[in-house]
Amino acid sequence: MKVLLLGADGFIGRHAAFHLRAQGVHVIAQARNPARLKRMGFATLQADLANRATHAPAFWAPHLDAQTHILNAAGLLTGTAAALEAVHVLAPAAAYAARHPGTQALLISAVGIEADTPFAQWRRAGEAAARATEAVILRAGLVLADTSYGGSSLIRALAALPFVTPVIGNGEQAFNPIHASDLAAVALECLQNPTPGTYDIGGPQTVSQTGLLRATQSWLGLPQRPLLRIPLPLARRFGQIGDALRLGPISATSVAQLHQGVLADATPLLETLHHKPRPFTQFLQTRPAGTQDLWQARLYLLKPLIRLTLAALWLASAALGLLTPSASYLPQIDLPASLAVILAKAGGLADAALGLALLRDWRPKTTAILQLLLVAGYTLGLTLIAPALWLDPFGSLLKNLPVLALILTHLALVEER
């Protein structure tokens, strides 16, 4: 059996790829940047679903034969209308159209897409495109795994906070999580024994938002902290701030999901399946939490804090460079006044560019490397011009060393999958 897996580099996609391979399926892993999947041993297909070339069946036809089915795990939570349409509708519809008669297609969608949001709108359109080709549609609830990403990382981060454990509203919203490998097993069984239709899929155990966090704390070996119930209007404002500053899962969408809960009625589908997903507490306790899990949970919310701190540093430095006469804050530098002003203004512009890039979270790797080069350049240049700055009691140059370490830490945290 062969499966073309769309969105193979996503959180659900990677677990699906590994589960299918373990079951003897030949996986063709599609991703925008499939280099890591290739190093993991998968046959890969490099394709950006936002590229118009992927919106034609002719693009997919060479990669689909009479034994190749399609599993679509691609999705985009935020983005422009054009990007959302391309990922959820245009590219998958072209792939469905290119498949051979007798092969199957399955879309992993999401519960709760009745909401009036761009994501929900294009998810519904994506389901319509899949339904037109008699594909199976699985609307997954909350998906967790041994690894984490996005919302599942946020759950771990909230559970690992010191002093208090925040919940949205009363914390009694219902969830029935499913493990990503169980979702992959259900998807494989649906491909092998297709019954076209739209089905909810979730785990057999229902837990509250508070119970979810308490169980995660127990798994991490952390004490239970007092609950901090955040009123919905305040939580929504936090979500709006998160959207504006691109703080990942701290968003209006995640706040809405936590407030509403994510409960999938999987009974109709599970009655027809051989594979039965495990209860939440059972798969959570399958393996012990490692130090890396605790580190990730504690660092997850520190990552945006580091980014915003660095942005504030660069923007403040830019303001000083652009608005303050150079001689007034670096009297140790013996340079012609005109040259010192030019250098200060040029540095201020560079600092401003980096500060704005950090605020918008623009190409994090590139921005981190540029920061390292600029701080190293400042340090080397000032060392050559005024080596006495190393002896400044206020640490004019010594402060660059922890700044470099902080930038390196942020660079190490860029990858989330």
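Helices (H or I, at least four residues) and strands (E, at least two) are DSSP runs, numbered from the N terminus. This is a predicted model: local features need pLDDT of at least 70, side-chain atom pairs count only at pLDDT 80 or more, and totals for chains, interfaces and linings use all residues. Residues are numbered from 1 along each chain as its sequence is written, and side-chain values use heavy atoms, with hydrogens and water left out.

Is Leu373 buried or exposed? I noted it as exposed because its relative accessibility is 57%. The cut-offs are under 20% relative accessible area for buried, over 50% for exposed, and partly exposed in between (1.4 Å probe, protein chains only).

Next I turned to strand 8 (residues 165–168). Both of its faces are covered. Thr165 and Val167 are buried on one side, Pro166 and Ile168 on the other. In a regular strand the side chains alternate between the two faces of the sheet.

Which strand pairs with strand 8? I found strand 13 (residues 227–230), running parallel and joined to strand 8 by four bridges. Pairing needs at least two bridges found by DSSP between two strands. Ile168 has Ile230 of strand 13 as its bridge partner.

Last, I checked Ala86, in helix 4 (residues 81–98). Ala86 counts as buried because its relative accessibility is 3%. Leaving out residues up to four places away in sequence, I listed its contacts (heavy atoms within 4.5 Å): Ala86 touches Leu49, Ala50, His55, Ala91 and Pro92. Asp65 lies 21 residues from Ala86 along the chain, and their C-alpha atoms are separated by 24 Å.
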